[in-house]
Amino acid sequence: MKNKASAVTFCALTSALITVLMTASYFPYLTYAVPAVSSALIIMPLVELSKGYATATYTVSALTVLMFAEPEAKLMYVFFFGYYPILKSLFEKIRSRVLEYVLKFLCFNISVSIIYFVIAKVFMLPMESLEEFGKYTVVVLYGLGNIAFIMYDICLGRICNLYMFRLHEKIKKIMRF
């Protein structure tokens, strides 16, 4: 990399953009969509610079998101969506497709469990209230969540391809990496 100042500026701008986008999580029904869309912006420093700069971008954006975003959305971003593009790039280097997907689903399910544990303990949400809908509610929710995760993973891969083919060269010229 020729210019470290350009790299830091690029990461700072990306972090700021993520933070601004995450404030949209206060609008109804955007609690899950906004963190998912915001995580796609981590692709930029990941592709243009390195995993280290992408991790730094995630860290800075996570800290600022903790101050400004809606509570459930910020937990979704900090505990899963924010770092997942970096992990996805590592998981996809694994030769075994089965192991790759096992790790992806394990990461997702552990993260979701942590998020809802934090929500239950910090916000005093009684998890027993979920059983009002039936005794299999949690299983159904995890199943639907995993289906949504598959769609998110596919979309994130396609967004990365779109970025590579449409924006990569333009960003490289603008930022003079």
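These legends walk through several close-up views of a predicted model.

**View 1. Salt bridges link up around E92.**
Let's start with the charged side chains. The structure holds six salt bridges, and K88, E92, R97, E100, K104 and D153 are linked in a network of such bridges. E92 sits in the loop between α6 and α7. With a relative accessible area of 40%, E92 is partly exposed. Setting aside residues up to four places away in sequence, E92 touches E100 and K104. For a sense of scale, the C-alpha atoms of E92 and C11 are separated by 23 Å, and these two residues are 81 residues apart along the chain.

**View 2. K88 meets E92.**
Here the side chains of K88 and E92 come together in a salt bridge, with 2.5 Å from N to O. The pair also shows up as a polar contact between the two side chains, again at 2.5 Å. Are the two partners buried or exposed? K88 is buried, at a relative accessible area of 6%, while E92 counts as partly exposed at 40%.

What does K104 form with E92? The answer is a salt bridge, and its closest N and O atoms are 3.1 Å apart. K104 lies in helix α7 (residues 97-122) and E92 in the loop between α6 (84-91) and α7, so this pair ties together parts that are 12 residues apart in sequence.

**View 3. E100 and R97 pair up within α7.**
Another salt bridge joins the side chains of E100 and R97, at 3.2 Å from N to O. Both residues are in helix α7, and because they are three residues apart there, about one helical turn separates them.

**View 4. Helix α7 from end to end.**
α7 has 26 residues and reaches 37 Å from its first C-alpha to its last, close to the 38 Å expected at 1.5 Å a residue. Which residues of α7 are buried? They are E100, K104, C107, F108, S111, V112, I115, I119 and A120. Among the elements covering these buried residues are α5 (71-81), α6 and α8. Just after the helix, M124 takes a positive phi of about 55°.

**View 5. Helix α5 is mostly covered.**
How many of the 11 residues of α5 are buried? Eight of them are, which leaves the helix mostly covered. The buried set in α5 is A73, K74, L75, M76, Y77, V78, F80 and F81. As for their neighbours, the buried residues of α5 pack against α1, α2, α4 (51-68), α6, α7 and α8.

**View 6. N146 on helix α8.**
This view picks out a residue of helix α8, N146. N146 is buried, and its relative accessible area is 15%. What does N146 touch? Leaving out residues up to four places away in sequence, N146 touches F105, F108 and N109. F108 is itself one of the buried residues of α7.

**View 7. A nonpolar patch on the surface.**
Over to the outside of the model. Y136, V139, V140, L141, L144, I147 and M151 form a nonpolar patch on the surface. Together, these residues have about 730 Å² of accessible area. One of them, M151, is found in helix α8, which covers residues 137-166.

**View 8. Y29 has a positive phi.**
The last view looks at the backbone. Most residues other than glycine have a negative phi. Y29 has a phi near 70°, a positive value in a residue other than glycine. Where is Y29? Look in the loop between α1 (4-22) and α2 (33-39). Y29 counts as exposed, at 83% relative accessibility.

Definitions and conventions:
Residues are numbered from 1 along each chain as its sequence is written. This is a predicted model: local features need pLDDT of at least 70, side-chain atom pairs count only at pLDDT 80 or more; totals for chains, interfaces and linings use all residues. Side-chain values use heavy atoms; hydrogens and water are left out. Patches are made of residues with over 30% relative accessible area and no salt bridge: like charges are joined within 9 Å, nonpolar side chains (Val, Leu, Ile, Met, Phe, Trp, Tyr) within 5 Å. Accessible areas come from the Shrake-Rupley method with a 1.4 Å probe; for residues, only the protein chains shown count as cover. A salt bridge is a side-chain nitrogen of Lys or Arg within 4 Å of a carboxyl oxygen of Asp or Glu. Helices (H or I, at least four residues) and strands (E, at least two) are DSSP runs, numbered from the N terminus. Buried means under 20% relative accessible area, exposed over 50%, partly exposed in between (1.4 Å probe, protein chains only). The expected span of a helix is 1.5 Å times one less than its number of residues. Contact means heavy atoms within 4.5 Å. A polar contact is a pair of N or O atoms within 3.5 Å; within protein, one must be able to donate a hydrogen and the other to accept it, and residues adjacent in sequence count only if both atoms are side-chain atoms.
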